[in-house]
Amino acid sequence: MSIFDLILMLVAILAGGVACISGFGIGSLLTPILAFKIGTGIAVAGVSIAHFLGTAFRFWIWKQYVNKRVLLSFGVTSALGGLIGAIFHNIFQNVILTIIFGCLLVFAGISGLIGLSERLRFNGPAAWMAGALSGVFGGLVGNQGGIRSAAMFGFDLKGKEFVATATGIALAVDITRMPVYLVIQSKEILNIWPLIAVMSVGVLIGTEIGIQVLPRIPEKLFKRIVSGIILLIGLFVLIHR
């Protein structure tokens with residue numbers, strides 16, 4: 001195992017653990033690392049496979065806590081938006097888009113830490129619109145989770161319910177976008193299968209660790225922790241654009 005493979009494995013373990021606590025983080029943390037090695041376009045597609053495996057495992061564990069109302073409103077349009085974004089991510093992906101995305105994450109993180117996000121409430125058309133916008137943006141840049149979780153603060157979900165519902169939505173997004181990546185970039189994906197394997201193993205290990213940690217986090221601290229992670233990932237995206 002090379003030094004890069006070892007770093008990738010460690011980041012994947014961290015990403016899997018973070019995703020269990022916040023409902024996102026795998027794509028946000030792994031995509032910039034892999035992009036450094038192979039370029040952003042193929043990195044988004046490669047990470048999506050490890051993301052799917054970790055998300056499916058997490059969903060299986062937390063599925064009984066899923067809020068079906070949010071999943072069938074916000075989640076459906078988020079998945080459709082993710083599909084649209086995946087189709088166009090190689091066309092519209094650029095530095096400006098990444099900077100805007102990073103700034104949105106920073107703003108969302110700060111809003112959560114100071115309590116501004118708690119004033120958000122999504123119902124009816126607003127829920128569908130929020131899901132669609134987060135899905136499109138995430139599909140374009142390959143890091144949908146932070147925006148999705150920030151928007152989900154508007155549904156006032158608690159702990160396990162928040163993570164389980166975010167996971168269910170992420171799984172729906174993966175199911176819609178992965179076939180697009182596999183069709184468009186099948187040859188490139190096959191060429192990096194060892195890296196995908198390293199990420200997948202790491203994410204599954206991290207997910208198992210995170211599953212043990214989440215129940216120990218007090219509900220009052222949960223949103224602050226998620227907001228802090230959103231802020232840190234936003235800064236990470238801006239620094240490593």
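Mentor: A residue counts as buried when its relative accessible area is under 20%. Keep in mind that this is a predicted model.

Trainee: What share of the protein chain is buried?

Mentor: Of the 241 residues in the protein chain, 57% are buried.

Trainee: And how many helices and strands are there?

Mentor: The protein chain has 11 helices and 0 strands. Followed along the sequence, the pattern reads α-α-α-α-α-α-α-α-α-α-α.

Trainee: What fraction of the contacts with a separation of 6 or more comes from residues 24 or more positions apart?

Mentor: Those residues account for 86% of such contacts in the protein chain.

Trainee: Why call helix 1 largely enclosed?

Mentor: Because 14 of its 20 residues are buried, helix 1 is largely enclosed by the rest of the structure.

Trainee: What comes just after helix 1?

Mentor: Gly-23, which takes a positive phi of about 90 degrees.

Trainee: Switching to helix 10. What should its span be, and what is it in the model?

Mentor: Helix 10 runs over residues 193-213, and its 21 residues should span 30 Å at 1.5 Å a residue. The end C-alpha atoms are 30 Å apart, which agrees.

Trainee: Which residues of helix 10 are buried?

Mentor: Among them are Leu-195, Ile-196, Val-198, Met-199, Ser-200, Gly-202 and Val-203. Further along helix 10, Gly-206, Thr-207, Gly-210 and Ile-211 are buried too.

Trainee: What do those buried residues pack against?

Mentor: They pack against helix 1, helix 2 (26-38), helix 3 (40-62) and helix 9 (186-191).

Trainee: Helix pairs next. What do I need to describe a packed pair?

Mentor: Two packed helices are described by the angle between their axes and the distance between the axes.

Trainee: Then what are those values for helix 3 and helix 8?

Mentor: The axes come within 8 Å and cross at roughly 145 degrees. The crossing of helix 3 and helix 8 is left-handed. By class, this contact has 15 nonpolar, 5 polar and 4 charged residues.

Trainee: And for helix 7 and helix 8?

Mentor: Helix 7 (residues 145-152) and helix 8 (residues 159-184) have axes that come within 11 Å and cross at roughly 135 degrees. The two helices are therefore oblique to each other. Their crossing is right-handed.

Trainee: Which residues make that contact?

Mentor: Helix 7 supplies Arg-148, Ser-149 and Met-152. Helix 8 supplies Phe-162, Thr-165, Ala-166, Ile-169 and Ala-170. They divide into 5 nonpolar, 2 polar and 1 charged.

Trainee: On to helix 11. Is Ile-230 buried or exposed?

Mentor: Ile-230 is in helix 11 (residues 219-239), and at 0% relative accessibility Ile-230 counts as buried.

Trainee: What is Ile-230 in contact with, leaving aside neighbours within four places in sequence?

Mentor: Its contacts are Phe-24, Leu-105, Ala-108, Gly-109, Gly-146, Ser-149, Ala-150 and Phe-153. Of these, Ser-149 also belongs to the helix 7 side of the contact with helix 8. Ile-230 and Val-106 are 124 residues apart in sequence and 6.9 Å apart in space, C-alpha to C-alpha.

Trainee: What about Glu-219, where is that found?

Mentor: Glu-219 is found in helix 11. At 47% relative accessibility, Glu-219 counts as partly exposed. Not counting residues up to four places away in sequence, Glu-219 touches Lys-158 and Gly-159.

Trainee: Last one, Gly-102. Which helix is it in?

Mentor: Gly-102 is in helix 5 (residues 95-114) and counts as buried at 0% relative accessibility. Leaving aside neighbours within four places in sequence, Gly-102 is in contact with Gly-234, Val-237 and Leu-238.

Definitions and conventions:
Residues numbered from 1 in each chain as written. Predicted model: local features only at pLDDT ≥ 70, side-chain atom pairs only at ≥ 80, totals over all residues. Heavy atoms only, no water. Buried < 20%, exposed > 50% of the residue type's maximum accessible area, 1.4 Å probe, protein only. Helix = DSSP H or I, 4+ residues; strand = E, 2+ residues; numbered from the N terminus. Axes fitted to C-alpha atoms, helices over the stretch in contact; angles between N-to-C directions. Parallel < 35°, antiparallel > 145°, perpendicular 65-115°, else oblique. Left-handed = near helix turned anticlockwise from the far one by under 90°. Contact = heavy atoms within 4.5 Å. Nonpolar A, V, L, I, M, F, W, Y, C, P; charged D, E, K, R; others polar. Expected span 1.5 Å × (residues − 1).
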